[in-house]
Amino acid sequence: MPGLTAPSDYSQEPPRHPSLKINSKDPFNAEPPRAALISSYVTSVDFFYKRNHGPIPIVDDLERYRVSIGGLVEKSIELSMDELRKLPKYNITATLQCAGNRRTAMSKMRTVKGVGWDIAALGNATWGGAKLSDVLEIVGIPKLSANSSLGGRHVEFISVDKCKEEKGGPYKASIPLRQATNPEADVLLAYEMNGEVLNRDHGFPLRVIVPGVIGARSVKWLDRIDIIKDECQGFFMQKDYKMFPPSVDWDNIDWSTRKSQMDFPVQCAICSLEDDNLINQGKITVAGYAVSGGGRGIERVDISVDGGKKWIEAGRYQKDMPYFADDDLGSEKWAWVLFKADVDAPENGEIIAKAVDTAANVQPENVDVIWNLRGILNTSWHRVRVQKASYVAKSNL
């Protein structure tokens with residue numbers, strides 16, 4: 001791609017914030033500390049999780065950069081950044097979440113394959129760019145189309161980076177054309193993040209944002225957008241990011257029996273506490289995030305300090321204001337909801353959080369029922385352990 005190149009090694013990586021927890025150095029995969037993640041409704045660029053499959057591409061000449069749009073269309077085109085910026089600009093606040101978020105906890109039950117993520121492999125940002133539905137109209141595909149005139153039913157996004165899983169080829173993924181052409185799906189060709197130009201880790205100069213869907217479909221460093229007949233056949237669509245039952249292992253797996261994962265399930269996690277906590281005070285604040293895929297809102301977040309026997313409902317917030325699910329005027333449907341509750345701390349016990357979305361989907365109680373060999377979509381109740389210092393002192397007598 002003229003103007004945008006993919007290095008073959010990791011010698012030209014961008015600087016990163018020193019507080020990030022590095023889960024993989026090459027390629028670089030990292031997440032922020034728990035408390036930093038929820039310090040702001042909009043996640044700062046520095047503390048937005050970094051998910052990569054190869055060396056970070058380099059823009060050496062932005063004026064020469066073009067994104068190609070072709071495939072099963074009447075007229076293929078190439079668009080420069082200047083041309084994209086002339087299209088109507090939209091700012092969409094949306095949470096991206098890696099499908100492997102909370103994988104480390106799942107692996108404690110039974111070994112899984114993948115980068116070990118704690119609970120912060122997600123972030124909430126305001127993305128700026130052109131709607132994909134507007135761009136596709138330029139190549140002759142009307143809004144709300146499920147098929148192109150030449151039989152295309154999917155939109156494939158192809159990066160410029162080099163992935164070992166693709167045998168040195170680029171990362172790629174696809175979404176259905178009906179989603180791409182629906183203006184209300186808010187699929188963006190984004191060139192800004194939180195009001196600033198994208199940085200290299202997050203896809204500079206151009207990436208796709210597919211709200212409500214696992215982060216693996218929001219391809220960075222775009223090279224081409226192709227209209228294709230069938231779903232993308234790339235590794236990350238066909239041999240990864242699929243949800244299998246606990247009975248499937250690496251000896252009996254058949255990737256063709258499961259669909260590519262798109263929407264993420266309802267999820268919440270406590271960020272104000274670590275896995276194990278020694279406290280002095282009687283009351284503590286339990287705070288964190290809740291989010292659901294597909295634009296579904298969060299109906300409630302429940303907190304328990306006695307192992308799930310009794311529950312209290314946490315307060316929910318967006319933009320530092322009380323949140324009401326399905327409030328079209330005030331809520332941001334693609335964004336997370338922050339929650340907070342002040343509770344009486346148990347002397348020695350477990351604090352639990354679980355969320356319910358507006359479709360009445362609820363997080364499963366235990367991880368064993370959703371265990372899968374790739375360790376994706378761990379949405380089980382989130383649990384942290386608490387001990388009062390006075391209890392520990394008595395126990396040591």
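This is a predicted model: local features need pLDDT of at least 70, side-chain atom pairs count only at pLDDT 80 or more; totals for chains, interfaces and linings use all residues.
The chain exposes about 16800 Å² of surface, and carbon and sulfur atoms supply 49% of that area. Of the 397 residues of the chain, 56% count as buried. As for overall dimensions, the C-alpha atoms fill a box of roughly 75 × 50 × 40 Å, taken along the principal axes. The radius of gyration is 22 Å, which agrees with the value near 21 Å that a compact globule of 397 residues would have.

Turning to secondary structure, the chain comes to seven helices and 24 strands. Among the contacts between residues at least 6 apart in sequence, 73% join residues at least 24 apart. The UniProt record, an unreviewed entry, carries the annotation "domain: Oxidoreductase molybdopterin-binding" for residues 53-235. Over that stretch, residues 53-235, the chain is 12% helix and 32% strand, and the end C-alpha atoms are 12 Å apart.

Now to the interior. In soluble globular proteins, nonpolar side chains tend to be buried together. Here the largest nonpolar core has 65 residues, and those with the most contacts inside it are Leu136, Val155 and Leu222. Strand S14, residues 222-228, gives the most to this core, with four residues. Apart from this core lies another one, of 23 residues, among them Val337, Ile351, Ala355 and Val386. What does Leu222 contact, once its neighbours within four places in sequence are left aside? The partners of Leu222 are Leu4, Tyr65, Val67, Phe157, Ile158, Leu189, Leu206, Arg207 and Val208.

Let me stay for a moment with the loop between helix H5, residues 177-180, and strand S11, residues 188-193, where Asp186 is placed. Asp186 has a phi near 60°, a positive value in a residue other than glycine. Is Asp186 buried or exposed? Its relative accessible area is 9%, and because the limit for a buried residue is under 20%, Asp186 counts as buried. Val187 sits in the loop between H5 and S11 as well, and Val187 is buried, at 2% relative accessibility. Not counting residues up to four places away in sequence, Val187 touches Ala130, Lys131, Leu132, Ile175, Gln179, Val208, Ile209, Val210 and Pro211. Val187 and Gly203 are 16 residues apart in sequence, and their C-alpha atoms are 15 Å apart in space.

With a relative accessible area of 24%, Asn194 is partly exposed.

There are also cis peptide bonds to point out. One joins Phe204 and Pro205, with omega about 10°, and Pro205 is found in the loop between strand S12, residues 196-197, and strand S13, residues 207-209. Another is the peptide bond from Asp26 to Pro27, which is cis with omega near 0°; Pro27 is found in the loop between strand S2, residues 21-24, and strand S3, residues 29-31.

Finally, the aromatic side chains. A pair of aromatic rings is described by the distance of the centres and the angle of the planes. The structure holds 10 aromatic pairs. One of them is formed by Phe235 and Phe236, which are edge-to-face at 5.1 Å centre to centre, with 80° between the planes. Phe235 is partly exposed, at 26% relative accessibility, whereas Phe236 is buried, at 0%. Trp311 and Trp381 form an edge-to-face pair too, at 5.1 Å centre to centre and with 85° between the planes. Which parts of the chain does the pair of Trp311 and Trp381 tie together? Trp311 lies in the loop between strand S18, residues 298-304, and strand S19, residues 312-313, while Trp381 lies in the loop between strand S23, residues 348-357, and strand S24, residues 382-388, so the pair ties together parts that are 70 residues apart in sequence. Trp311 counts as partly exposed, at 28% relative accessibility, and Trp381 counts as buried, at 12%. I will end with Phe48, Tyr49, Trp117 and Trp127, which form one aromatic cluster.

Methods: Residues are numbered from 1 along each chain as its sequence is written. Side-chain values use heavy atoms; hydrogens and water are left out. Helices (H or I, at least four residues) and strands (E, at least two) are DSSP runs, numbered from the N terminus. Buried means under 20% relative accessible area, exposed over 50%, partly exposed in between (1.4 Å probe, protein chains only). A nonpolar core is a set of buried Ala, Val, Leu, Ile, Met, Phe, Trp, Tyr and Cys residues joined through side-chain atoms within 4.5 Å. Contact means heavy atoms within 4.5 Å. UniProt positions are given in the numbering used here, feature names are shortened, and annotations may be inferred rather than shown by experiment. The radius of gyration is taken over C-alpha atoms; the globule rule is 2.2 Å times the number of residues to the power 0.38. Accessible areas come from the Shrake-Rupley method with a 1.4 Å probe; for residues, only the protein chains shown count as cover. Rings of Phe, Tyr and Trp (its six-membered ring) pair if their centres lie within 6.5 Å; planes under 30 degrees apart count as stacked, over 60 as edge-to-face and the rest as tilted.
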